[in-house]
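Reader: Can you walk me through this model? I'd like quick answers.

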Amino acid sequence: MNSPPFTLVNGVPADSVAVTDRGLAYGDGLFETVQLRLGRPLLLNLHLARLRLGCERLALDAPALLTDLQSDLAQLAQLCNLQDYGVLKILITRGSGGRGYLPVTGMSCTRILMLSVMPDYPDHPAEAGVRVRWCDMTLALNPRLAGIKHLNRLEQVLARSEWNDPSIREGLLCDTEGHVVEGTMSNLLWVSAGILYAPLLDRCGVAGVIRTRLLVLAAGAGIAIVEGRFAKSELEQADEVMLCNSLIDIWPVVALGNRHWPTGPVTRQLQSLLAEDYLAC
């Protein structure tokens, strides 16, 4: 697949925004990363629901934005063959304003929709599993920003800069109190004694769309679920560990430091349930 990135800015093909845009200056905005499969955006309703929540948290005009986004999506479908792409990234900023943190009255949000090809994973991590590490970086507690995908990703950037070993595919993050939260680009789930564990994301971290859907699918399959605040040792003593996000779906974790895991039955069951769920989208 050799299609180049294609971008709409406020409904018009473009590849730049104003240097005064508050998304650039302050990270004042939100984003969603959506997997396209055969031209269809997977779990789009969940992405838009999280975007709506983010708009409410940042005091952006969610109804108007979501209406404009639906128009932008229709425009993309007219301009491009969506089957040539695998990733749709949606970015919303507060728009352009003057100097200073106080937003200018009457600003218009900036909408950016970017199409790109799906990342290539030649080592088939969904089957073979991945190695991960603990990060030294910790996540600050901020309930107002917890769960949403705001544009300020400096914590993740600094965490990801901690290693260059290509055999390590992800770094795991704790909050400033030492509770396990997530990966730099993924959510964490693990299984102990048949119970699926998920870190609470009410004080920091991103409430991933795949994580949200997997908890629903797991509950429907009769898998017991516990959400809470957990220490590193509780994850390290698990029977199965997995990562998930909207592009990787589910990657089994097979090594963390000196700890090694097989890919367990619950992980495989969740992979199958998610694949079936996609067919129904």
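This is a predicted model: local features need pLDDT of at least 70, side-chain atom pairs count only at pLDDT 80 or more; totals for chains, interfaces and linings use all residues.

Reader: What volume does the largest pocket have?

Author: About 580 Å³. A pocket is an open set of points on a 1 Å grid over the protein atoms alone, where a 1.4 Å probe fits, with protein on both sides within 12 Å along at least five of seven lines. The volume is the space filled by probe spheres set on the points, which are joined across faces, edges and corners.

Reader: Which residues are closest to its centre?

Author: Thr33, Lys149, Met185, Ser186 and Asn245, out of 27 lining residues. Lining means having an atom within 4 Å of a point.

Reader: And which elements give two or more residues to the lining?

Author: Strands E3 (29–37), E9 (180–183) and E13 (240–245), plus helices H2 (44–58) and H6. These are DSSP runs numbered from the N terminus: helices are H or I with at least four residues, strands E with at least two.

Reader: Switching to sheets. What is the strand order in the open sheet?

Author: E2-E1-E6-E5-E3-E4, with antiparallel pairing. Two strands pair if DSSP finds at least two bridges between them.

Reader: Which strands stand at the edges?

Author: E2 (12–13) and E4 (40–41). Each has a single partner strand, so one side of each lacks a neighbour in the sheet. E4 is joined to E3 by 2 bridges, and Leu36 has Pro41 as its bridge partner in E4.

Reader: How do E11 and E12 run, parallel or antiparallel?

Author: Parallel, with 4 bridges between E11 (residues 195–199) and E12 (residues 225–228). Together with H6 (residues 209–220), they make a right-handed β-α-β unit. Right-handed means that, with the strands pointing away from the viewer, the path from the first strand over the helix to the second runs clockwise.

Reader: Cysteines next. How many disulfides?

Author: The count is 0. A disulfide here is a pair of cysteine sulfur atoms within 2.5 Å.

Reader: Is Cys135 buried or exposed?

Author: Buried, at 7% relative accessible area. The cut-offs are under 20% for buried, over 50% for exposed, and partly exposed in between (1.4 Å probe, protein chains only). Cys80 is buried as well, at 12%.

Key. Residues are numbered from 1 along each chain as its sequence is written. Side-chain values use heavy atoms; hydrogens and water are left out.
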